[in-house]
Amino acid sequence: MFVVLLAGGYVPLAGRARRRNAQAGWSRWRTGWFLAGCALLAAGLLPPIASWAHGDFQGHMLQHLLIGMYAPLGLVLGAPVTLLLRNLPAEQGRRLTGLVQSRPVHVLANPVTALLLSVGTLGLLYFTPLYNTMSANMGLHWLLHAHFLLAGCLFAYVIAGPDPAPARPRVPVRLVVLGVAIAAHAVISQLMYGGFGINIHAPVDQVQGGAQIMYYGGDIAELLLAVALVATWRPQPATRRARRPRRGAETARTAVL
């Protein structure tokens, strides 16, 4: 139902944006990305993957990748905030812009915050009893899905989001943060595969299979995020400052004339 609401709200707004401003329009690529994100989210939340995830750690890991990495990339590349700004009245648009530029969003949109929420919590989840507790409780299990989705969207938004941000770091900084995320995923998956320090109540073959899914599937997702970062990056034209003649040189030129 949630995914239907997302897609059903986005498509009419995209059509309205094209009608209101035919010159600016609205990219069909953005619409396609958003709908692809919705489809990936639905695939992670519905059978057969949801049923598989309920009884097999490998299914859980595939579900985690779909909800927390692949679907967020599509949703973020759909630029939903920009689409809202295109459709909202001026006063409401200014309020939304003020919210995006507010201090809380500034803190959330910091790359370190996004990294900790998306990748840092994986250590807390799989190396403490938290995963086993949340898996045994349906309400906590859905809360875990919500965390995966929101944290994944935040990280994708900070790294490669086309929507306005309060203070987006330069591309090299974002590439470094993405590199740290790749390294962290690799370390966690390798520790999981070797059984070092993990706290997961599942057969060894399932845990190792889940670690492999996390290792290879995470690398692919982060590679796509890096491609999106490069593709959406628009270098700013360099500004040339006119050189003013030094006072001594100007005096000498005056004297010669």
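Select helix 4 (residues 57–77) and helix 12. The two pack at an angle of about 10°, and their axes lie 8 Å apart. Helix 4 is therefore roughly parallel to helix 12. By class, their contact has 16 nonpolar, seven polar and two charged residues.

Some terms for this stop. Axes are lines fitted to C-alpha atoms, for helices over the stretch in contact, and angles run from 0 to 180 degrees between N-to-C directions. Angles under 35 degrees count as roughly parallel, over 145 as roughly antiparallel, 65 to 115 as roughly perpendicular, and the rest as oblique. Nonpolar covers Ala, Val, Leu, Ile, Met, Phe, Trp, Tyr, Cys and Pro; charged covers Asp, Glu, Lys and Arg; the others, Gly among them, are polar. Helices (H or I, at least four residues) and strands (E, at least two) are DSSP runs, numbered from the N terminus.

Keep in mind that this is a predicted model: local features need pLDDT of at least 70, side-chain atom pairs count only at pLDDT 80 or more, and totals for chains, interfaces and linings use all residues. Residues are numbered from 1 along each chain as its sequence is written, and side-chain values use heavy atoms, with hydrogens and water left out.

**Along helix 12**

Stay on helix 12 and pick G217. G217 is buried, with a relative accessible area of 12%. Buried means under 20% relative accessible area, exposed over 50%, and partly exposed in between (1.4 Å probe, protein chains only). Draw a C-alpha to C-alpha distance from G217 to V107: 29 Å in space, for 110 residues in sequence.

Step back to the loop between helix 11 (171–194) and helix 12 (204–232). G195 sits in this loop. G195 counts as partly exposed, at 43% relative accessibility. Its C-alpha is 9.9 Å from that of A211, 16 residues away in sequence.

F196 is in the loop too. Is F196 buried or exposed? At 56% relative accessibility, F196 counts as exposed.

**Charges on helix 6**

Go to helix 6 (residues 90–100) and show side chains. Side chains of opposite charge can pair when their charged atoms come close. How many salt bridges does the structure hold? Two. A salt bridge is a side-chain nitrogen of Lys or Arg within 4 Å of a carboxyl oxygen of Asp or Glu.

Select R94 and E91: they form a salt bridge, with the closest N and O atoms 2.8 Å apart. R94 and E91 are three residues apart in helix 6, so about one helical turn separates them. Show E91, R94 and R95 together: salt bridges link them in a network. R94 is exposed at 53% relative accessible area, and R95 is exposed at 59%. E91 is partly exposed at 40%.

**Two backbone stops**

Next, find A79, in the loop between helix 4 and helix 5 (80–87). Its phi is near 50°, a positive value in a residue other than glycine. A79 counts as buried, at 0% relative accessibility.

Then select P47 and P48. The peptide bond from P47 to P48 is cis, with omega near 5°. P48 is in the loop between helix 2 (28–45) and helix 3 (49–55).

**Last stop: helix 1**

Select G15, in helix 1 (residues 2–20). G15 is buried, with a relative accessible area of 13%.
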